[in-house]
Amino acid sequence: MTSRHGRTESAVSATADAASHAPRRRTVVKAAAATAALAGPLAAALPARAVQQAPAFLHGVASGDPLPDGVLLWTRVTPTPDALPGSGAGPDTEVRWTVARDRTFTDVVARGTVLATAASDHTVKADVRGLRPATDYWFRFSAGGADSPAARTRTAPAADASVAGLRLGVVSCANWEAGHFAAYRHLAARGDLDAWLHLGDYIYEYGSGDYGTRGTVVRPHSPAHEIVTLADYRTRHARYKTDPDLQALHATAPVIAMWDDHEFANDTWSGGAENHTEGAEGSWAARQAAAKQAYFEWMPVRPAVEGTTYRRLRFGRLADLSLLDLRSFRSQQVSLGDGDVDDPGRTLTGRAQLDWLKAGLSASDATWRLVGTSVMISPFALGSLPAALLKPLAKLLGLPQEGLALNTDQWDGYTADRRELLAHLRGNAIRNTVFLTGDIHMAWANDVPVNAGTYPLSASAATEFVVTSVTSDNLDDILKVGEGAVDAVASPLIRAANRHVHWVDTDRHGFGVLDLTAERAQMDYYVLSDRTDAGATAAWARSYRTRSGTQKIERADAPV
């Protein structure tokens, strides 16, 4: 675990992060429910007690983006019963925040106030500075005599600190309707995380019943229709933050979050999305702006370059973590016969972001260079999968169901960017680069080959750990068969066609725990007993590691 330091707090400052611009438009959505009054879906985003008790902190508290001297604190206050998420109603409300060294708040080290307004959906952020590095703190909010729950957070080690270890929870792809968030509960119960990393698809945009749940909606979305307007996105975020397991994890450790496509719409690119109809659902520019505004209001994330989520955090000399935004700048995905994945004029990252990533990897003096990429960078060929598996796999990956030997939404669809990045790693002898990935609803442990066609004779430039989904459909869910039945057939065939893949689990839901030391980076994979069971158990499935200097994956016999 990270080392502890004994510095004295310096002056503390806090700034409220409250967007002041109003929604730019309301659009027509697909569902007929879009014309209904907002009261029903907005109220559904709150616990029942919301209409009886105010002010109240009904959506929990959270922290994020830890720095050596500070952390970002977040909450949402419900000042009056009518101040429902997305409603635009409710008075300006002063919210006080307090940070202490102990859970009983007898040793307070910082406090301040922020203003919650309807312009920011009554969400508030306090960017607290002047704290000690690598230190646990407790924080809470207060308003009008009501106190929020108390929560734990932790600062990052000093930039030049020698750090013995770092432990991160790793998750992605949480479809509310498909089940319960037991994965979050099990991570929260560990009590040993320095932080947790959410690799995207924190929320889903679909209307109720429109996205895979094995034909059964375990618990309905709010609003019930596909989210398009600012009020819609706010209400959906609010619904998610009523989940007790998600609240528990946010109250246990700081989150480091990045978005993928479903925080906007399926298969988002810079000019649109597969799940967006221009005109009928308004303009993409307006929908994207609404989604981004709601995301930064409801997530403990500091907006980075150009209002995106690409940014870099450091954990002493042990690790740098570069987080990518692979939706805001990408070219449109190609489909069969519509384009060339090797076209150098197409980009996944955008020129500025790719240059930023390359420069950061070159300049890093950390032992490990972690890269959060929302989509898989390792090549993936479908090979000779039988038709019975090819069609559901293509559906899961968003491919033409006639078959195509790559996923054009991943780095496979933007090979010029991938070649440039991997050539940069090889050409500059940059070692210990580890990609951390979500999106694909399966667990993988991969080498990242310079040339997949000749691997393992060609070199591996990096390694990649991919975590499965919290609840979103796996292959067995799409086929509606027993867990493990698909994996027994598909995994050997996938590995045979992709020799850089050490392991793939196509069927199970769960989470990962990444443990770093100077000698190795290890991912422990855990799986859930049943995504539809709020009390689901978790069990260790596999562990893989990469030893410092090797750029190769190997199996570990036990979790850390």
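Start by selecting helices H6 and H8, where H6 passes H8 in a right-handed crossing (the near helix is turned clockwise from the far one by less than a right angle; left-handed would be anticlockwise). Before going on, please note that this is a predicted model, in which local features need pLDDT of at least 70 and side-chain atom pairs count only at pLDDT 80 or more, while totals for chains, interfaces and linings use all residues. Residues are numbered from 1 along each chain as its sequence is written, and side-chain values use heavy atoms, with hydrogens and water left out.

**The helix pair**

H6 covers residues 351-363 and H8 residues 415-427; they pack at about 15°, with axes 10 Å apart. Helices (H or I, at least four residues) and strands (E, at least two) are DSSP runs, numbered from the N terminus. Axes are lines fitted to C-alpha atoms, for helices over the stretch in contact, and angles run from 0 to 180 degrees between N-to-C directions. H6 and H8 are therefore roughly parallel (an angle under 35 degrees).

Now show the side chains. On the H6 side, Arg 351, Leu 354, Asp 355, Leu 357, Lys 358, Leu 361 and Ser 362 meet residues of H8 that include Leu 421 and His 424 (contact means heavy atoms within 4.5 Å). An α-helix has 3.6 residues a turn, so residues three or four places apart point the same way.

**An enclosed helix**

Next, select H5, residues 284-298. Its 15 residues reach 21 Å from first C-alpha to last, close to the 21 Å expected at 1.5 Å a residue (1.5 Å times one less than the number of residues). H5 is largely enclosed by the rest of the structure, because 13 of its 15 residues are buried (under 20% relative accessible area; exposed is over 50%, partly exposed in between, with a 1.4 Å probe and protein chains only).

**Salt bridges**

The structure holds 34 salt bridges (a side-chain nitrogen of Lys or Arg within 4 Å of a carboxyl oxygen of Asp or Glu). Select Asp 136 and Arg 152, whose side chains meet at 3.1 Å, N to O. Asp 136 lies in strand E6 and Arg 152 in strand E8, so this pair ties together parts 16 residues apart in sequence. Asp 136 is partly exposed at 24%, whereas Arg 152 is buried at 15%.

Then move to Asp 194 and Arg 154, with closest N and O atoms 3.0 Å apart. This pair links Asp 194, in the loop between H2 and E10, to Arg 154 in E8, 40 residues apart. Both residues are buried.

Finish with Arg 167, Arg 190, Asp 192, Asp 515 and Arg 520, which are linked in a network of salt bridges.

Definitions and conventions: Parallel < 35°, antiparallel > 145°, perpendicular 65-115°, else oblique.
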